[in-house]
Amino acid sequence: MSRRVVRQSKFRHVFGQPVKADQMYEDIRVSKVTWDSSFCAVNPKFVAIIVESGGGGAFMVLPLAKTGRVDKNHPLVTGHTAPVLDIDWCPHNDNVIASASEDTTVMVWQIPDYVPTRNITEPIVTLEGHSKRVGIITWHPTARNVLLSAGGDNLLILWNVGTGEMLLTLDDMHSDLIYNVCWNRTGSLLVTTCKDKHVRVIDPRKQQVVAERFAPHEGMRPMRAVFTREGHIFTTGFTRMSQRELGLWDPENFEEPIALQEMDTSNGVLLPFYDPDSSIVYLCGKGDSSIRYFEITAEAPYVHYLSTYSSKEPQRGMGFMPKRGLDVSKCEIARFFKLHERKCEPIVMTVPRKSDLFQDDLYPDTPGPEPALEAAEWLAGQDAEPVLVSLRDGYVPVKNRELKVTRKNILDNKPPVGPRRSHSTCDANFSRPGLEDLLEEIRSLRQTVQAQEKRISDLENKLCKFTNGTA
């Protein structure tokens, strides 16, 4: 008589729990735009949320520690002229975030460590190249300053944010609206899902589709796809009967799924968040009030259901913290930032352990903020694994460098030699050194204004503490 052996896994008991009420972010008017992005992006310093705003598009950036009720006059990031559809923090600089909008542009912003006193309206760089709204942006995982955007014009554009230039334009690959884009671990390949029901694996530098599968899920509703650490592709979609479904595929053999499972009959699009360190994928449906999670392994049935975190209220969007932002002393293996209509609620996923010691098996070395390649090296054909850091003593961030955009100077293109004019006083006054002095003075004034803003902000915080203390 055979006994059923219980599968061994250190993640069989993963528990999700919301934080206490005073650790939430309250009074936030979360965007009501009908677009299936997560509306929230987090990193070890900040949480950014796309919000409702009159006359354009905006998102809010809050320091992680600034919990509680958000001041209704809290500064916003307001450069777009139409709603913001997607935001993504740079993996190599915790103070840099990109935003994509219905106004057809992508903007990249430098967020100061202190809370500014006014709205941030000046991006470091504006990237213009799409002819329709831009709904998806995602940073390259290993190359510095490489950003991908996907628009309603069915185009994928890769940018070098450091120079503000287009690196590559991938057209004629998608015949309809692109639903999502995901890089593989080294950033050598992309996987995309599209309204034409195709999942495509693309080599962006060769500008070709290297693998393709029509209708991995037969339903008409939107699909999502992410790369796993092993190079397989995990997909979510709908059956012909509108049941939600998940699948695992090998792009080398795209015809037969490694695994295909039906889930339920809810109609919210499932957003997959994949953690390569633990091989756990978390599925958060828009409008659901639960997070389901599965472990992907090399043994059948390959996608193992672990558990479900349930709550009462549906989620409008979801942010997923990178591994180096977690609290290793509490055996935290994931943290979500769930958006409600008027607040953002952190949800902590932990693996209970009796020991207080660092748990090596839960925390393998994880990608850190140091890029492995420069944009030009990646474009020339180099690939590299992410530069890993240890979480043994909790991750201590390095001081971030300021992102500087160095545009190619059109003045460097020398004009053709012709008959010379006499050197007028006007020309003399507008010589290059004069221009550089002026720019230096503007830079200096900007730094002075920022320093004063920080001082005012610090004094206001002290005054708040003082008045709270005496109240």
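Leaving aside its neighbours within four places in sequence, which residues is Asp36 in contact with? They are Pro222, Arg224, Val269, Leu271 and Lys286, where contact means heavy atoms within 4.5 Å. What you're looking at is a predicted model, so local features need pLDDT of at least 70, side-chain atom pairs count only at pLDDT 80 or more, and totals for chains, interfaces and linings use all residues. Residues are numbered from 1 along each chain as its sequence is written, and side-chain values use heavy atoms, with hydrogens and water left out.

- You'll find Asp36 in the loop between β2 (25–26) and β3 (40–42); strands are DSSP runs of E, at least two residues, numbered from the N terminus.
- Asp36 counts as partly exposed because its relative accessibility is 28%, and that label sits between buried (under 20% relative accessible area) and exposed (over 50%), using a 1.4 Å probe and protein chains only.
- Pro222 is 186 residues away from Asp36 in sequence, yet their C-alphas are 8.9 Å apart in space.

- Tyr302 is partly exposed, because its relative accessible area is 29%.

**Lys197**
- Look for Lys197 in the loop between β17 (190–194) and β18 (198–203).
- Lys197 isn't a glycine, but has a positive phi of about 70 degrees.
- With a relative accessible area of 17%, Lys197 is buried.

Technical notes
Helices (H or I, at least four residues) and strands (E, at least two) are DSSP runs, numbered from the N terminus.
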